[in-house]
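Work through the exercises below with the model open. Try each task before you read its solution.

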Amino acid sequence: MQESIQSCVFKNGWLGKREKKLFGRERKPDNPEEMRFGIAQERFTAQLKNPLPDAQWSGIITTIAHRAFESGMVEGVVTLHRSEENRFFSQPVLAMTTEEIDASRGNKPVLSPVLRSLQTAVRKKLKKILVIGAACHIHVLRDFQERFPYLQNMEIYTIGIPCVDNVQRNQFNWILERMSKSPGTACHMEFMQDFRIHIKHTDGTVEKVPFFSLPEELSNPGIFPESCMGCFDYLNSLSDITVGYLAAKLLPDQNRQWVMVRTEKGRKLLDLVNDELTRYPEEGKWECKKFILQNTERIISSMKEQKASYSPDRKIPVWVGHLLSWMLSMSGPKGIGFAHYSVDFHLIRHYYYVKYRCPEQLTVLVPRHVRSILQEYDLPL
Ligand SMILES: Cc1cc2nc3c(=O)[nH]c(=O)nc-3n(C[C@H](O)[C@H](O)[C@H](O)COP(=O)(O)OP(=O)(O)OC[C@H]3O[C@@H](n4cnc5c(N)ncnc54)[C@H](O)[C@@H]3O)c2cc1C
């Protein structure tokens, strides 16, 4: 516990010297894509030719983990299983069989102590492991690798998930009850590029809830953990390979994903599944400034107003919300432009969260590229 606190981003800050250590340089301030998405050797969208049932998307992460284990590249995978009490909750695991690896697929959208199983791997004297985690896990892991000699003797590969709006376990059911008409049967949930939350139910139906029609109380920044509202590495830039979906095209009959190969180790992980992927180039127009500027005033005031009250009612009826989501998915940013929009939206939201709610953390937490991005929008620092 003490070790994790010492290596935590709230002590060391996001990116900065860690990025320099891993890549030999920090992201380039004159490269708009690198500023948002982090340093990568290659980016593309793809889906598995044979998607893995019950994975979050097509299952690229679990398939890489499976192949890394089968090929002997790693002896164990530090990841999460679903807890028995609630399928959205997690249980840290050191997966050491293909069955255990396959059982780790799917999102557990709650804060999770992934690195707990690192201890088990050390105790078992493993020499080659794969760690799958969010950016906060990978940052702490990179710090551990520097501080602890026993980890320096281990070959560690990492796969990063993009991560945002994660929640505390004790808040999860309260939030789900306000999102879904049938929280008890929900089994899969994702915030999608069509500006709706897609909630899958156990009978196979998909409930689509427009972001704009959520009850107002879900827009209260206070319901999210401070750690997530102070996150400045949505796309997991210190992982060897990041696998998400943000810039992928949303199609009704496919589950395309977005892959960012960051390091040589990331390339080796990708090589394990390359033949199993159908690849597509990134698509979409980069520009999204006008959509960001439509939101900035509202974001800044909601971060400032800490005593505001939030009604349990919807401000916008669901049918109007669907219409707005439809209009935005037709005319709004897509592909790479959607990823640009989403990264900037969250960086801006988090900057003002920290500025107004934990100002003493501002200097430590915020990496320098965030200020350059705010300046692009003429926003006050
Ligand atoms: C809270 C949350 C928010 C996310 N937001 C975005 C987003 O905005 N944009 C985007 O592109 N992607 C986001 N993702 C990642 C995305 O949903 C998929 O996990 C990713 O695209 C991989 O899909 P897959 O089918 O390859 O995953 P799978 O093969 O199903 O594997 C998923 C892996 O992620 C691990 N995992 C699940 N939950 C957690 C967790 N809480 N902490 C650490 N590891 C976990 C699993 O144990 C498993 O190893 C988010 C994930 C989470 C948990």
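For sorting residues, Ala, Val, Leu, Ile, Met, Phe, Trp, Tyr, Cys and Pro count as nonpolar, Asp, Glu, Lys and Arg as charged, and the others, Gly among them, as polar. This is a predicted model: local features need pLDDT of at least 70, side-chain atom pairs count only at pLDDT 80 or more, and totals for chains, interfaces and linings use all residues. Residues are numbered from 1 along each chain as its sequence is written, and side-chain values use heavy atoms, with hydrogens and water left out.

**Exercise 1. Describe the shell around the ligand.**

Step 1. Count the residues. The ligand is surrounded by 33 residues (a heavy atom within 4 Å). The closest are Trp 57, Thr 62, Gly 106, Tyr 234 and Tyr 245.

Step 2. Sort them. The shell holds 17 nonpolar, 13 polar and three charged residues.

Step 3. Find the polar contacts (pairs of N or O atoms within 3.5 Å). The side chain of Tyr 234 places an N or O atom 2.7 Å from a ligand oxygen. A backbone N or O atom of Ile 60 is 3.0 Å from an oxygen atom of the ligand. A polar backbone atom of Val 110 lies 3.3 Å from a ligand nitrogen.

Step 4. Check the cover. Alone, the ligand exposes 930 Å², and the protein buries 97% of that (Shrake-Rupley method, 1.4 Å probe).

Step 5. Name the elements. Helices (H or I, at least four residues) and strands (E, at least two) are DSSP runs, numbered from the N terminus. Those giving two or more residues to the shell are α5 (60-70), β2 (76-82) and β9 (241-244). The largest share, three residues, comes from α5.

**Exercise 2. Trace the open sheet.**

Step 1. Read the order. Eight strands run β3-β2-β4-β5-β9-β10-β1-β11, with mixed pairing. Strands pair if DSSP finds at least two bridges between them.

Step 2. Find the edges. β3 (90-95) and β11 (277-280) each pair on one side only.

Step 3. Note the twist. It averages 30° from one strand to the next.

Step 4. Inspect one pair. β1 (42-48) and β10 (257-261) are antiparallel, with five bridges. Ala 46 has Gln 257 in β10 as its bridge partner.

**Exercise 3. Which strands form a hairpin with four residues between them?**

Step 1. The strands are β7 and β8. Five bridges join them, antiparallel.

Step 2. His 198 stands opposite Lys 208 in β8.

Step 3. In the turn, Gly 204 has a positive phi of about 95°.

Note on methods. A polar contact is a pair of N or O atoms within 3.5 Å; within protein, one must be able to donate a hydrogen and the other to accept it, and residues adjacent in sequence count only if both atoms are side-chain atoms. Axes are lines fitted to C-alpha atoms, for helices over the stretch in contact, and angles run from 0 to 180 degrees between N-to-C directions.
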